Amino acid sequence: GGTNAAFIKAKIDVLAHPGLVTDEESKLAAKNSVHFEITSRRSHALSNGHVGAMAKKHGVKLVIDTDTHSPGDLITDETAFKIILGAGLDKNDYDTIKSNAVNLLKKISTKHR
């Protein structure tokens, strides 16, 4: 449906587990500075490779997230790195993704002061 497009048009900070996001949605996300999530949550992680490829193709910033529902969902940096590699991304992408998260948190904390 149009859920991804609606949230991207609303210029949210992060589109959680966007799934099989389209070229058009990805282009708009890049334009609107919306980050795509690479997720460690198994039920959503099946499309991580597609999300990563679309983000790289269209210049969308990525973050990694756990979508934690319980303490067992939390991950280490080592696991996050493996998830990034499993999504078809590399060490440089991982470093950029970590930097994106830090910059996003700074932006949000500044916005709410």
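Mentor: Start with helix 2, whose buried residues pack against helix 1 (3–9), strand 2 (35–39) and helix 3 (48–58). Keep in mind that this is a predicted model.

Trainee: Which residues of helix 2 are buried?

Mentor: A residue counts as buried when its relative accessible area is under 20%. In helix 2, which covers residues 23–31, E25, S26 and A29 are buried. Viewed down the axis of helix 2, the buried residues fall within an arc of 100 degrees, so they line one face of the helix.

Trainee: Which residues are on the other side of helix 2?

Mentor: There you find E24, K27 and K31, which are exposed. Exposed stands for a relative accessible area over 50%.

Trainee: How do I describe the way helix 4 and helix 5 cross?

Mentor: Look at the distance between the axes, then the angle, then the hand. The axes of helix 4 (residues 77–86) and helix 5 (residues 91–111) come within 9 Å and cross at roughly 125 degrees. An angle of 65 to 115 degrees would count as roughly perpendicular, and one over 145 as roughly antiparallel. Helix 4 and helix 5 are therefore oblique to each other. Their crossing is right-handed.

Trainee: Which residues meet where helix 4 and helix 5 are in contact?

Mentor: From helix 4, D77, A80, F81, I84 and L85 take part, and they meet K91, Y94, I97 and K98 of helix 5. Sorted by class, this contact has 6 nonpolar, no polar and 3 charged residues.

Trainee: Where does D90 lie, and which residues does it touch?

Mentor: D90 is in the loop between helix 4 and helix 5. Leaving out residues up to four places away in sequence, D90 touches I84 and L85. Its relative accessible area is 34%, so D90 is partly exposed. For a distance across the chain, take D90 and V51: they are 39 residues apart along the chain, and their C-alpha atoms are separated by 14 Å.

Trainee: Where is H17, and is it buried or partly exposed?

Mentor: H17 lies in the loop between strand 1 (14–15) and helix 2. Its relative accessibility is 29%, so H17 counts as partly exposed.

Trainee: What is the phi of S33?

Mentor: Phi of S33 is near 60 degrees, a positive value in a residue other than glycine. S33 follows helix 2, in the loop between helix 2 and strand 2. At 48% relative accessibility, S33 counts as partly exposed.

Trainee: Which residue with a positive phi follows helix 4?

Mentor: That residue is G88, with a phi near 85 degrees.

Terms used: Residues are numbered from 1 along each chain as its sequence is written. This is a predicted model: local features need pLDDT of at least 70, side-chain atom pairs count only at pLDDT 80 or more; totals for chains, interfaces and linings use all residues. Side-chain values use heavy atoms; hydrogens and water are left out. Axes are lines fitted to C-alpha atoms, for helices over the stretch in contact, and angles run from 0 to 180 degrees between N-to-C directions. Helices (H or I, at least four residues) and strands (E, at least two) are DSSP runs, numbered from the N terminus. Angles under 35 degrees count as roughly parallel, over 145 as roughly antiparallel, 65 to 115 as roughly perpendicular and the rest as oblique. A crossing is left-handed if the near helix is turned anticlockwise from the far one by less than a right angle, and right-handed if clockwise. Contact means heavy atoms within 4.5 Å. Ala, Val, Leu, Ile, Met, Phe, Trp, Tyr, Cys and Pro count as nonpolar, Asp, Glu, Lys and Arg as charged, and the others, Gly among them, as polar. Buried means under 20% relative accessible area, exposed over 50%, partly exposed in between (1.4 Å probe, protein chains only). The arc is that of the directions from the helix axis to the C-beta atoms.
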